Amino acid sequence: MRIGLVIVGIAIVLLGLVPLFEPIVPLQSQSVTSANPDIFTVAAVVSPTGNVQLTVTWSSTTSTTFAVYTCTSVNLPASNVSTACQGPMTIGSETGTSGTFHFPVKLGSSVIAGIFSQKPGTASVTVTGSSPLLATVLLVVGLVLVLIGGILKKKAATQSEPPTPTGESPTSTGRA
C-alpha cells in the first residue's frame, strides 16, 4: 500500500505535467479578417510557471499573411497592430493558406492574431491552451500522495525494527 501510494503519486505528478505544458483545452474558434483580428487576454487562476501555453491554428481559402503578436495591453480602435498593441512581441507570421503557432504567454498578456496583408480575405482561427489550474491540482495531489506514501513507508520501517533490550542480561535467569 505504501509503495503503491508513492507510485500513484508519481504517476499523477507526471500526468499533471501534460496540462501544464501542452495546449489541450479549446479556448475559442472564430473567423477573422484584416479589419477584424482575433484579440484576447490570457487569464488563468494560477500557473506554477506564470505562463499559459497556446496553440493558434489558422486556415484560409486564399493565400494570405497571418501573424500573431503578444502585447502587454491593447488599445482599440486602432488602424494597425503597431498602434493597437502596447509592448508588442512578434510570435511569428506565415504566408500561405494555413499554419500553426505554438508559444507560451505570460498571464495577463493579450494576443492579437489575424490577417496582416492588404489583400481581402478571411481566415478561420482556433485557439487551444494549456490548463495550469488542472495541472496545479494534479501536481499537488500527486505530491501529497508521494509524501503520505513516504511517511507511511518510514513509519512502517521503524515499527518493524526489533525492540530494544530492557537492560536485562540475556544470560540472567532471575535467580540469586
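This is a predicted model: local features need pLDDT of at least 70, side-chain atom pairs count only at pLDDT 80 or more; totals for chains, interfaces and linings use all residues.
Residues are numbered from 1 along each chain as its sequence is written, and side-chain values use heavy atoms, with hydrogens and water left out.

**Overall fold**

The secondary structure of the chain comes to three helices and eight strands, where helices (H or I, at least four residues) and strands (E, at least two) are DSSP runs numbered from the N terminus. Read from the N terminus on, the elements follow the order α-β-β-β-β-α-β-β-β-β-α. Of the 176 residues in the chain, 34% are buried; buried here means under 20% relative accessible area, exposed means over 50%, and partly exposed lies in between, with a 1.4 Å probe and protein chains only.

**Strand pairing**

Two strands are said to pair if DSSP finds at least two bridges between them. The pairings described here are gathered in the table, each with one pair of facing residues.

| Strands | Bridges and sense | Residues facing each other |
|---|---|---|
| β1 (residues 25–33) and β8 (residues 122–129) | eight, antiparallel | valine 32 and alanine 123 |
| β3 (residues 51–71) and β8 | seven, antiparallel | tryptophan 58 and valine 125 |
| β2 and β7 | four, antiparallel | threonine 41 and serine 110 |

Strand β2 has two faces: Asp38 and Phe40 lie on the covered one, whereas Ile39 and Thr41 lie on the uncovered one. Thr41, from that uncovered face, is the residue that stands opposite serine 110 in β7.

Strand β7 (residues 110–115) also holds isoleucine 112, which is buried because its relative accessible area is 2%. The C-alpha atoms of isoleucine 112 and proline 88 are separated by 9.6 Å, although these two residues stand 24 residues apart along the chain.

**Aromatic residues**

Rings of Phe, Tyr and Trp (for Trp, its six-membered ring) pair if their centres lie within 6.5 Å, and planes under 30 degrees apart count as stacked, over 60 as edge-to-face and the rest as tilted. By this rule there are three aromatic pairs. One of them is the stacked pair of tryptophan 58 and phenylalanine 66, with 4.8 Å centre to centre and 5 degrees between the planes. Tryptophan 58 counts as buried because its relative accessibility is 1%, and phenylalanine 66 counts as buried because its relative accessibility is 0%. Ring pairs link Trp58 and Phe66 with Phe101 into a cluster.

**The disulfide**

The structure holds one disulfide, a term that stands for a pair of cysteine sulfur atoms within 2.5 Å. This disulfide joins cysteine 71 to cysteine 85, with an S to S distance of 1.7 Å, and the link is left-handed, with -115 degrees about the S-S bond. Cysteine 71 lies in strand β3 and cysteine 85 in strand β5 (residues 85–86), so the pair ties together parts that are 14 residues apart in sequence. Both cysteine 71 and cysteine 85 are buried.

**Surface and helices**

On the surface, Val45, Val46, Leu133, Val137 and Val141 form a nonpolar patch with about 410 Å² of accessible area together. Patches are made of residues with over 30% relative accessible area and no salt bridge, with like charges joined within 9 Å and nonpolar side chains (Val, Leu, Ile, Met, Phe, Trp, Tyr) within 5 Å. A salt bridge is a side-chain nitrogen of Lys or Arg within 4 Å of a carboxyl oxygen of Asp or Glu, and accessible areas come from the Shrake-Rupley method with a 1.4 Å probe, where for residues only the protein chains shown count as cover.

Valine 141, another member of the patch, is 133 residues apart in sequence from valine 8 and 10.0 Å apart in space, C-alpha to C-alpha. Valine 8 is found in helix α1 (residues 2–21) and, at 40% relative accessibility, counts as partly exposed. Leucine 152, which is found in helix α3 (residues 132–159), counts as partly exposed at 34% relative accessibility. Leucine 152 and leucine 5 are 147 residues apart in sequence, while their C-alpha atoms are 9.3 Å apart in space.
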